[in-house]
Amino acid sequence: MVMLALAVIGAGLISLLTMRVELNPEVNFGTISIQTAYPGAGPDDVNELISRKIEEAVSSVNGIREVTSTSQEGVSVVVATFELGVNLDAALNDVRTKVDRVVNDLPKDALKPQVAKIDQTATPVLYLNFSSKKLDSQQLRDLIDDKL
C-alpha cells in the first residue's frame, strides 16, 4: 500500500511540474480610457460635443476592436478596447495623437482630455468592509491602518 501511495504521489508531482499553461494563458486585454470634463454641460451636450468627436477620431487607430462611450452630466468617458497582441504603448501614443487633433474642435469650457491605459490585472481581488457600533468611521479607519 505504501508503494502504491508513493507511486500515485510521484506521478502527481511529475504531472504538476510538466503541465503546460494552455488552459489558463496569461492574457492582456488592451484598454485605453479617454476622460474629458465639461463642467455645467448636460449629458446630451457632452455626448454631441465631446464623446462623438473623440469616438470618431479614436476609431481609426489600428488594432481597435471596440469603442464605447458614456456621457454623464459634465463628464465624457470614451473606452477603446484593442485586439489581443496589439502593442498597447504604441496604441496609447496613437490615441493621444488622434485626441490631440480634435482638442480644438471641443468646446472652449471643456478641460483637456485625459488619456490613460487601463490595467485590468491591477483590479482588487477582494474588497473588505468594516463596521462598528462602538467606533466612529475615523477611529475605525485609524485602527485598520494601524493593523495593516
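This is a predicted model: local features need pLDDT of at least 70, side-chain atom pairs count only at pLDDT 80 or more; totals for chains, interfaces and linings use all residues.

Analyst: Residues are numbered from 1 along each chain as its sequence is written, and side-chain values use heavy atoms, with hydrogens and water left out.

User: How many residues of H1 are buried?

Analyst: Buried means under 20% relative accessible area, exposed over 50% and partly exposed in between, with a 1.4 Å probe and protein chains only. Helices are DSSP runs of H or I with at least four residues, strands are E runs of at least two, and both are numbered from the N terminus. Of the 17 residues of H1, the number buried is zero, so the helix lies largely in the open. Leu16 belongs to H1, residues 2-18, and is exposed at a relative accessible area of 55%.

User: Is Thr36 buried or exposed, and which residues is Thr36 in contact with?

Analyst: Contact means heavy atoms within 4.5 Å. Thr36, in strand S1 (residues 31-37), is buried, with a relative accessible area of 1%. Leaving aside neighbours within four places in sequence, its contacts include Ile50, Ile54, Gly74 and Leu111.

User: In which sense do S2 and S3 pair?

Analyst: Two strands pair if DSSP finds at least two bridges between them. S2 (residues 64-72) and S3 (residues 75-82) pair in the antiparallel sense over eight bridges, and Ile64 stands opposite Phe82 in S3. Their hairpin has two residues between the strands, and Gly74 there takes a positive phi near 80 degrees.
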